[in-house]
Amino acid sequence: MIPKTYNEVIDLGDGRSISIETGKLAKQSHGSVVVQSGNCMLLCTIVSNYKAADVDFLPLTVDYREKFASAGRFPGGFFKREARPSDGEVLTMRIVDRVLRPLFPKDYHSETQLMIQMMSYDDSITPDALVGIAASTAIQLSDIPFECPISEVRVGRIDGELVLNPSLAQLKESDIDMIIGASEDSVMMVEGEMKEISEEEMVEAIKFAHEAIKVQCQAQKKLVAQVGKKEQREYEPEPQDLELEEKVNSMVYDKVYEVAKQGSSKKERGSAFSEIKEALMAEFSEKELEEKKDLISKYYSKTEKNAVRNLTLEEGLRLDGRKTDEIRPIWCEIDYLPSTHGSGIFTRGETQVLSTVTLGTSRDANIIDMPSLEGEERFYLHYNFPPFSTGEARPLRGTSRREVGHGNLAQRALKGMIPEDCPYTVRVVSEVLESNGSSSMATVCSGTLALMDAGVQIKKPVSGIAMGLITDAESGKYAVLSDILGDEDHLGDMDFKVTGTADGITACQMDIKVKGLSYEILTKALVQAKDGRLHILDKLVETIDTPNTEVKSHAPKIVTTILPGDLIGAFIGSGGKNIQDLQADTNTTIVINENEDGEGVVEILGTDQEGIDKVLKAIESLQFKPEVGERYEVKVIKLLDFGAVVEYTEAPGNEVLLHVSELAWERTENVTDVVNLGDIIEVKYFGFDPRTKKEKVSRKALLEKPEGYQERPPRSDRGGKPRSSQRRDHRRRD
């Protein structure tokens with residue numbers, strides 16, 4: 001029997017819509033929904049264990065996968081099966097997780113798994129714009145405790161007009177690419193890249209997205225009403241002891257406040273806070289600690305957080321002694337690593353990043369192979385965050401989702417500044433050496449330095465800053481914090497990172513943890529961020545104000561030239577022999593790609609200019625076309641019984657046969673009577689001989705005829721038949 005299904009449709013305008021449907025698929029999950037826009041279909045399910053895990057946090061897993069079958073394709077690789085998630089899938093997981101996680105109850109600790117799968121692909125739909133509504137609807141259809149519906153949309157801007165959920169084709173024309181996540185009441189997440197837009201334009205785009213999200217949240221409520229709202233499950237909350245909480249607060253609040261007020265370093269501050277906590281624990285008996293140690297630790301952390309927040313709100317001071325809009329001391333250095341193609345160190349307070357740049361050919365491009373996106377990146381950035389950067393020792397388990405996300409943010413910040421005609425594939429690697437607040441923004445800054453040091457002609461330098469926010473709903477007080485510390489990230493109400501040039505924003509990532517943040521506060525925070533960005537930008541420019549005019553002597557130079565399509569095969573040679581021999585002889589790397597016109601785009605990469613010039617000369621030689629009637633200098637490179645093979649000295653490798661009859665006016669019995677191997681002579685070019693169907697050159701045409709010389713008539717005019725006719729007659733007689 002076909003199950004009953006429930007459906008709601010959201011009109012996006014321009015004939016586009018989103019449908020959310022439940023009741024047909026994956027009914028053993030605790031909540032499931034199929035979201036469809038065009039031919040793009042996502043299946044989202046959620047399951048949460050009824051028994052809490054023995055942890056003090058929410059063990060939530062968000063998993064997003066794109067099935068190759070959804071686009072009618074086979075997976076690449078040997079096993080022909082979807083395996084580890086791609087970076088694109090990881091980034092989609094992150095934008096969902098960041099919105100959902102804060103909306104679960106803080107004391108809900110059950111293992112929870114949310115899975116989103118793209119089951120059908122449409123090249124006019126970007127699936128990551130649908131994952132938010134899919135995730136939220138699945139949760140709303142379950143009995144899992146959750147605060148309210150949310151959704152996420154993508155915003156573009158084409159010719160000054162904002163567009164909701166633009167297609168990939170539209171995004172190529174857009175100067176904004178942002179994904180915004182929100183509930184009906186509050187914006188909660190913003191991530192994207194822009195082409196140097198203003199702060200006001202960014203806020204306008206967020207408002208535009210929020211209005212669309214409100215409609216999508218209402219649609220979820222209507223679907224749930226059709227199905228029938230399930231009662232939220234009961235779960236065992238964390239134990240509370242208000243009397244103990246008050247006792248802990250009274251015992252340590254003033255002490256914590258005084259330590260926070262001293263403006264010490266991370267290490268000194270951490271040591272002082274640890275001493276306060278140890279002294280607090282010593283005030284309790286062994287029995288009390290055995291029963292309530294976890295609660296005491298929890299209440300201490302809450303007190304510490306409140307004390308630090310109040311210090312900032314009441315006195316405008318921060319943990320390291322700075323004012324709210326003050327940037328930590330900065331120092332920079334370039335060309336630190338002697339063997340890399342470019343390097344830059346950026347140190348801001350207790351955060352330090354060393355970035356490197358490597359230059360290569362199109363063969364070194366980063367290949368993207370996803371069902372929803374195929375192509376390659378000629379500029380890409382990798383971010384590494386080792387445990388020693390925070391003074392920790394922990395297992396290394398491959399690239400983390402955080403590393404993928406932070407690297408992507410820095411890449412988006414910088415990529416718009418790489419010139420369209422940059423001949424290189426450029427790889428930037430960020431090595432975080434110290435971290436206490438926004439290593440991703442330090443990556444943007446060190447990446448800018450390294451690119452300019454490498455001689456990449458970036459359009460403008462880019463800087464980045466991480467901002468924070470502390471608010472008090474009762475008093476209405478708030479403080480916007482510039483260049484936040486790691487601790488301020490944890491205790492604040494907003495963490496947003498903004499990157500840009502002197503002329504506008506190039507990328508952003510924002511997580512808002514407080515409800516109902518006004519656009520007035522958001523705008524003020526963005527304006528304050530601009531002041532911080534420009535201050536940091538000045539420090540970068542003091543170190544290096546323009547890109548180096550040339551790449552380093554040990555770095556590869558790259559030259560690009562065009563080769564006619566009909567000559568590509570001759571240049572490569574049988575089995576690639578010609579090009580391989582040329583690479584070995586010139587110590588270069590040669591890459592040929594075919595353009596839309598069928599021409600060969602030849603990339604020549606090498607550290608030695610002489611080798612590059614030699615390759616260019618070979619390409620020129622291949623394209624050399626002698627003109628009829630002109631004289632050319634040639635070199636004898638091979639001797640045959642019936643002539644000599646010569647090559648044009650101005651086009652080595654371009655060969656032609658000089659027939660024995662064209663060596664001299666006199667009859668030549670032996671080729672060596674006139675020329676020898678290695679001789680340089682002059683010849684006249686006659687073009688293609690219609691009789692022989694070959695190119696004809698002549699040495700004798702440049703010599704004076706001997707006195708009394710008589711032309712021999714053609715063989716057919718000497719009486720009798722040509723030899724070919726005579727042979728035919730013999731065959732007939734036989």
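Q: At what angle do α9 and helix α11 pack, and how far apart are their axes?
A: Helix α9 and helix α11 (residues 519–543) pack at an angle of about 25°, and their axes lie 10 Å apart. Axes are lines fitted to C-alpha atoms, for helices over the stretch in contact, and angles run from 0 to 180 degrees between N-to-C directions. The model is predicted: local features need pLDDT of at least 70, side-chain atom pairs count only at pLDDT 80 or more, and totals for chains, interfaces and linings use all residues. Residues are numbered from 1 along each chain as its sequence is written, and side-chain values use heavy atoms, with hydrogens and water left out.

Q: Why are α9 and α11 called roughly parallel?
A: Angles under 35 degrees count as roughly parallel, over 145 as roughly antiparallel, 65 to 115 as roughly perpendicular and the rest as oblique. The angle is about 25°, and α9 and α11 are therefore roughly parallel to each other.

Q: Which residues of α9 and α11 meet?
A: Cys445, Thr448 and Leu449 in α9 meet Ile536, Leu540 and Thr543 in α11; contact means heavy atoms within 4.5 Å.

Q: Why are α1 and α8 called roughly perpendicular?
A: Helix α1 packs against helix α8 (residues 401–415) at an angle of about 95°, with axes 9 Å apart. That angle falls in the roughly perpendicular class, so the two helices, α1 and α8, receive this name. Among the residues that meet are Val90 and Leu91 in α1, and Val404 and His406 in α8.

Q: What makes Asn436 buried?
A: Buried means under 20% relative accessible area, exposed over 50%, and partly exposed in between (1.4 Å probe, protein chains only). Asn436 has a relative accessible area of 4% and is therefore buried. Asn436 is found in the loop between β17 (425–434) and α9 (439–454). Its neighbours in contact include Lys266, Arg328 and Glu350, when residues up to four places away in sequence are not counted.

Q: What makes β1 and β5 edge strands?
A: Six strands form an open sheet of mixed pairing, in the order β1-β2-β3-β4-β6-β5. Strands β1 (6–13) and β5 (60–66) are the edge strands, as each pairs on one side only. Two strands pair if DSSP finds at least two bridges between them.

Q: How many bridges join β5 to strand β6?
A: Seven bridges join β5 to β6 (residues 110–120), and these strands run parallel. Helices (H or I, at least four residues) and strands (E, at least two) are DSSP runs, numbered from the N terminus.
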